[in-house]
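Colleague: I would like to learn how to read charged pairs and sheets in a model. Could we go through them one at a time?

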Amino acid sequence: MTTEVRVPTLGESVTEATVATWFKKPGDAVAADEMLCELETDKVTVEVPAPAAGTLGEIVAAEGETVGVDALLATIAEGASSGTSTPDTPKAESAPAAESSNAGGGSTDVMVPTLGESVSEATVSTWFKKVGDSVAQDEMLCELETDKVSVEVPAPTAGILTEITAEEGSTVDATAKLGVISGGEAGAVTPTPSKGETAGGAQYTTPPAGQGGPAKDIANAPSAEKAMAEAGLSADQVQGSGRDGRIMKDDVARAVAAAAAAPSASTSAPAAAAPVRAPVAADDAAREERVKMTRLRQTIAKRLKDSQNTAAMLTTYNEVDMTEVMALRNEYKDLFLKKHGVKLGFMSFFTKACCHALKEVPEVNAEIDGTDIVYKNFVHMGIAAGTPTGLVVPVIRDADAMSFADIEKAIAEKGARARDGKLSMAEMQGGTFTISNGGVYGSLMSSPILNPPQSGILGMHKIQDRPMAINGKVEIRPMMYLALSYDHRIVDGKGAVTFLVRVKEALEDPRRLLMDL
């Protein structure tokens, strides 16, 4: 009997994914729910488990291919393997020949070390050993890169590196196997481990970065030393990107490429649609630094560009006199903090004002789905937040039904989680409208980009004292420019201007919020 492996549900508004990594190959035995492959979308990484036990047959979607929801990925021939794996009787994985011929010891799986809180995957940057090399215990085998830190992977035992299961450039999760070392000390591990299990049944995991690894004054990566020798470069001509400035193999390759930037720019140009980098003088290239984009930054870049390419985006502007809001805040901020345990900020006023305006102009709180317009009878407010790793937009659900105190507490809690990198994907999905506050960084005016599939985003800016004509007299007032970017496919100019005017009116006279005016 054959079972089909298909693309699972990818999440709200996600219709396709890219096959990132296959962890099994045709002919491998698989257990039910064992992870077969990993898919990448513009929002999240999706693991695909085996729907049944058996033997993996044909792989229909190879690594790098783009697939839609419910697309066929592979097939599994059920019952073709010798029984299903269970926790008590683990199924032995294919072992290299060196395992069975080694009378004095077994083999040890090299696993991904602890990557740190909220980090679930890494990219294999460099292997310092190749298959067949002898390794000493705690000798550095390879280096992994995450969006936060570089992680060194030491050898868990001495022996021969007999298998590399994760090649350079591949992406691995926190529980993945990197390679196999055979010929360790007798009794250290069982002869046929499954997924890194030891004789006691526990999985061996290499220690976290900085624990059990090589000393911090370790020399450059062996592969980098060899590459520099071949290229005729000295260490002072290469800028290291590894831990403590260690020069890695990729750093040498970049230095060599930079030295030949002018000729390589014309010979190694990518597809015609991609921009070609202008030639760089050798002196300038030596002072440049090339850093691979993190997965988060790649996602941000793709989504924002997709938004510009898809929506008919337009921005309308207005300004708001913040006098009344600031006076109200100053009058009640101490009492508010004492009663609710959270500071009264401006974001709750803007959130309330937007919810009020969205009721009158519902198309700003809607989205396009094919040839349909989906109106949302609720407000899930996205609050854009800058973090050390990039821009994220946590969502406050049902903000229209929340009080000022509830909104301030939610913003404070999600803001702290965003800065610590602890937000889950669920907390950043489902927003219907977004507020972006560039004023905290000093921005006077900007045009925010839509957060698809939303049709509106409000940009707040710096509060600045400016002379204003008030009742025939010039007065100094704290003014803020507001910007509403909207999707002109669904929101007309009248609706966009009306929305922004309602926000302005609610902020200049906060009593209107209480009266629902």
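Modeller: Start with one residue. The model is predicted, and in it arginine 502 has 22% relative accessibility, so it counts as partly exposed.

Colleague: Which residue does the side chain of arginine 502 meet in a salt bridge?

Modeller: The general idea is that side chains of opposite charge can pair when their charged atoms come close. Here the partner of arginine 502 is glutamate 360, with 2.8 Å from N to O. Glutamate 360 lies in helix H8 (residues 347-360) and arginine 502 in helix H10 (residues 493-508); the pair links distant parts of the chain, 142 residues apart.

Colleague: Is glutamate 360 buried, partly exposed or exposed?

Modeller: Glutamate 360 has a relative accessibility of 43%, so it counts as partly exposed.

Colleague: Which residues are linked with Glu360 and Arg502 in a network of salt bridges?

Modeller: Glu505 and Arg512 belong to that network as well.

Colleague: How many salt bridges does the count come to?

Modeller: The count is 18. Another one of them joins arginine 477 and glutamate 475, whose closest N and O atoms are 3.0 Å apart.

Colleague: Which residue forms a salt bridge with aspartate 487?

Modeller: Arginine 489 does, at 2.7 Å from N to O. Aspartate 487 is buried, with a relative accessible area of 3%, whereas arginine 489 is partly exposed at 45%.

Colleague: Now the sheet. In what order do the strands of the open sheet stand?

Modeller: In general, strands of a sheet pair through backbone hydrogen bonds, either parallel or antiparallel. This open sheet has four strands in the order S9-S16-S14-S11, and their pairing is antiparallel.

Colleague: How many bridges join S11 and S14?

Modeller: Two bridges join S11 to strand S14 (residues 159-164), in the antiparallel sense. To find this pairing in the picture, look for serine 134, which stands opposite isoleucine 160 in S14.

Definitions and conventions:
Residues numbered from 1 in each chain as written. Predicted model: local features only at pLDDT ≥ 70, side-chain atom pairs only at ≥ 80, totals over all residues. Heavy atoms only, no water. Pairing = 2+ DSSP bridges. Salt bridge = Lys/Arg side-chain N within 4 Å of Asp/Glu carboxyl O. Buried < 20%, exposed > 50% of the residue type's maximum accessible area, 1.4 Å probe, protein only.
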